Amino acid sequence: MQPIRDRVIDVIRAGIERAQAEGVLPGFEVPAITVDKPRQEGHGDYATPVAMQLARVARMAPLRIASAIRDHLPEDPSIGSVEVAPPGFINLTLSGPWLASQVDTVLEEGEQFGRPACPRGVRVQVEYGSANPTGPLHVGFARNVVLGDALANLLAEAGYDVQREYYVNDAGTQMRQFQESLYARYAQALGQDVPMPEKGYQGWYITEWGRDIAEAEGRRFLDLPYEEAVAEIGEYGLQRRVLPSVRRDVEDMGIRYDNWFSERTLYQDGSFERAMEILREGGYVSERDGAVWFEATRLGADKDEVLIRSNGLPAYFASDVAYHYDKLVTRGFDLVIDVWGADHQGHVPRMKAMVEALGLDRDRLHLLLYQLVTLKRGGEIVRLSKRTGEMVTLRELIDEVSPDAVRYFLISRSPDSQMDFDLELAVKQSDENPVFYVKYAHARIASVLRLAEASGLSYEQADLGLLEHPSEMALLRHMLQLPEVVLDAAADFAPHRVAYYAYDLAKAFHAFYRDCRIVSSLTEDTEMTKARLRLAAAAKVALARALTVMGMEAPERM
RNA sequence: GCGCCCGUAGCUCAAUGGAUAGAGUAGCGGUCUUCGAAACCGUUGGUUGCGCGUUCGAAUCGCGCCGGGCGCACCA
């Protein structure tokens with residue numbers, strides 16, 4: 001379904017052009033027309049300030065321009081009435097019967113409601129999660145995966161071809177520390193006096209895994225030379241402990257990735273060398289103090305970045321270069337979105353510079369930053385560190401609070417908002433989490449529809465023109481906004497707007513339910529019952545779409 | 001010190017540069033013998049941190065302060 005707003009814009013543009021054709025308005029190029037939803041009741045469904053914006057170029061008073069446009073608007077079944085208001089607004093009210101008729105459209109479209117008619121043919125990759133694979137996911141990553149997943153859903157809903165990816169950082173020093181730590185714990189479990197590495201991972205889970213592996217695999221790693229043993233047990237731990245645990249956690253959050261991408265492969269398949277070659281050819285690589293640098297400052301960044309450290313090992317940025325070369329060039333995504341915590345915000349200019357140095361449009365990479373969540377327990381701040389093992393896992397959280405409640409809580413704030421998450425309150429809050437309000441509305445509709453069906457009421461067709469109660473109209477209006485909410489939220493990478501939409505829609509339904517008896521036992525009300533059942537069914541579709549975009553269940557019962 | 005983000009009702013947060021800034025929650029007072037009370041209704045609550053600018057119009061854009069968060073490694 002075309003967003004209603006787009007339709008309104010078309011009508012207004014036609015009005016301007018027709019007024020120009022008749023010489024009522026002077027000739028000028030018609031600018032982009034902005035239309036917004038007035039907050040004030042009585043200002044119609046849509047309002048445009050275009051007459052005020054045209055005042056200068058048309059050399060006419062805004063009110064006269066507005067009247068001229070109004071007088072030349074083409075007939076459109078969706079438009080009910082048009083008013084001009086000082087200082088020059090044009091307010092349009094949608095036609096009630098037309099709004100009601102859209103119930104059929106929503107029901108026909110079903111799961112397609114909210115999506116544009118045609119796919120955009122734009123391939124987008126969203127990469128999120130991507131925690132160092134050195135242990136279970138901690139709660140700090142909850143906002144990352146939930147935001148990334150909702151954004152991916154949202155973009156897909158807006159017609160993009162979306163791929164969801166988890167980047168497995170299985171190369172580099174962090175991995176090495178993990179491997180050595182795991183080996184030490186394993187050896188210790190077998191009574192060997194192998195010390196933990198200096199910067200090793202002290203977490204309880206490493207100890208546990210070391211013991212597990214000792215039990216399951218015996219001494220086989222002990223009998224290998226040290227280097228080999230560390231590499232082998234490290235790989236074993238990564239593949240059989242860390243990744244399965246991460247997979248399980250995100251799956252229980254309702255997240256399914258399309259691809260798990262291994263950092264290591266970048267060095268094995270030549271991506272790294274190819275990307276480096278491009279940077280070198282562009283003259284962006286230099287050697288200094290025994291290290292190899294990417295000269296990001298030449299592309300406007302505040303500082304350069306090390307590619308190869310003086311010890312000969314690639315720095316993490318080298319992987320980033322190769323990885324983004326792979327995404328943007330080898331795999332050819334039109335747009336790549338990385339979801340990052342705001343603690344990495346300082347790297348953004350260098351990442352953008354790198355994309356440009358690869359000869360690409362820097363807008364093809366978008367870094368979606370979210371503010372870190374401050375974790376609390378009864379008002380006390382909890383500091384997390386995988387290194388020291390001081391952590392709260394995502395698993396602990398979702399064992400206590402339903403994944404949907406966690407998701408809604410995290411999605412419903414803009415990525416820029418700093419938020420506190422109190423573990424002690426989380427359980428209590430789950431009861432009053434607005435997510436249940438939305439889900440309840442969906443279940444409530446399902447219940448009414450079940451009742452209707454049990455009573456043998458068929459609502460395959462209805463006279464939708466019977467819908468005219470203010471609460472019916474309000475519900476219709478909210479419901480039909482979904483397409484533009486999806487479009488706007490996707491354009492701004494702002495999944496939280498979907499959460500607010502869902503809440504408002506649920507609210508409109510509850511008001512309708514209060515004011516309008518849906519299933520009536522009186523035979524003279526049968527036609528009205530059918531019309532209201534169809535309206536309720538359409539509202540259910542819209543609620544389900546919003547919940548699905550947020551990655552949540554739309555329950556038939558609860 | 002420099003950079004990015006934030007500052008809106010007691011609290012948690014909304015609001016593509018548009019008209020009289022909205023929700024939730026907390027507080028107070030009401031509503032279940034008919035479709036799900038996980039719901040609904042009413043009510044209290046604001047100098048949008050402060051100042052100056054930009055323009056027909058600013059919570060929104062610019063500059064300067066004040067306050068908070070996060071960065072500023074040959075770690076990731």
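Hi everyone. Let me start at a pocket: strand 3 and helix 17 (470-479) each supply at least two residues to the lining of the second largest pocket. Helices (H or I, at least four residues) and strands (E, at least two) are DSSP runs here, numbered from the N terminus. A pocket is found on a 1 Å grid over the protein atoms alone, as an open set of points where a 1.4 Å probe fits, with protein on both sides within 12 Å along at least five of seven lines, and lining residues have an atom within 4 Å of a point.

Before going on, a word on the model. It is a predicted one, in which local features need pLDDT of at least 70 and side-chain atom pairs count only at pLDDT 80 or more, while totals for chains, interfaces and linings use all residues. Residues are numbered from 1 along each chain as its sequence is written, chains are lettered from A and ligands numbered from 1 in the order in which they are written, and side-chain values use heavy atoms, leaving out hydrogens and water.

Back to our pocket. Which element gives the largest share of its lining? That is helix 17, with three residues. The lining has 16 residues, and P38, E41, G44, D45 and R477 lie nearest the centre of the pocket. By type, the lining divides into two nonpolar, eight polar and six charged residues. For those classes, Ala, Val, Leu, Ile, Met, Phe, Trp, Tyr, Cys and Pro count as nonpolar, Asp, Glu, Lys and Arg as charged, and the others, Gly among them, as polar. The volume of this second largest pocket is about 570 Å³, where a volume is the space filled by probe spheres set on the grid points, which are joined across faces, edges and corners.

Now let's step back to the whole chain. Chain A has 20 helices and 14 strands, and its C-alpha atoms fill a box of roughly 85 × 60 × 40 Å along the principal axes. Of its 558 residues, 53% are buried. Buried means under 20% relative accessible area, exposed means over 50%, and partly exposed is in between, using a 1.4 Å probe and protein chains only.

A side-chain N or O atom of R309 is 2.8 Å from a phosphate oxygen of RNA strand B, and R444 places a polar side-chain atom 2.3 Å from a phosphate oxygen.

Helix 2 (50-58), strand 3, helix 6 (173-189), helix 16 (434-454) and helix 19 are the elements giving two or more residues to the surface near RNA strand B. Helix 19 has the largest share, with eight residues. Sorted by type, this surface holds 22 nonpolar, 20 polar and 16 charged residues.

Let me finish with some local spots. Most residues other than glycine have a negative phi, and most peptide bonds are trans. Here, the peptide bond from P86 to P87 is cis, with omega near 5°, and P87 sits in the loop between strand 2 (79-85) and strand 3 (89-94).

S130, in the loop between strand 4 (123-127) and helix 5 (142-157), has a positive phi near 50°. F493 also has a positive phi, near 50°, and lies in the loop between helix 18 (482-491) and helix 19 (496-515).

Last, two side chains in loops. H72, between helix 3 (62-71) and strand 2, has a polar side-chain atom 2.7 Å from the backbone oxygen of A68. E295, between strand 8 (291-294) and strand 9 (305-308), makes a side-chain polar contact of 2.9 Å with S286.

Methods: A polar contact is a pair of N or O atoms within 3.5 Å; within protein, one must be able to donate a hydrogen and the other to accept it, and residues adjacent in sequence count only if both atoms are side-chain atoms.
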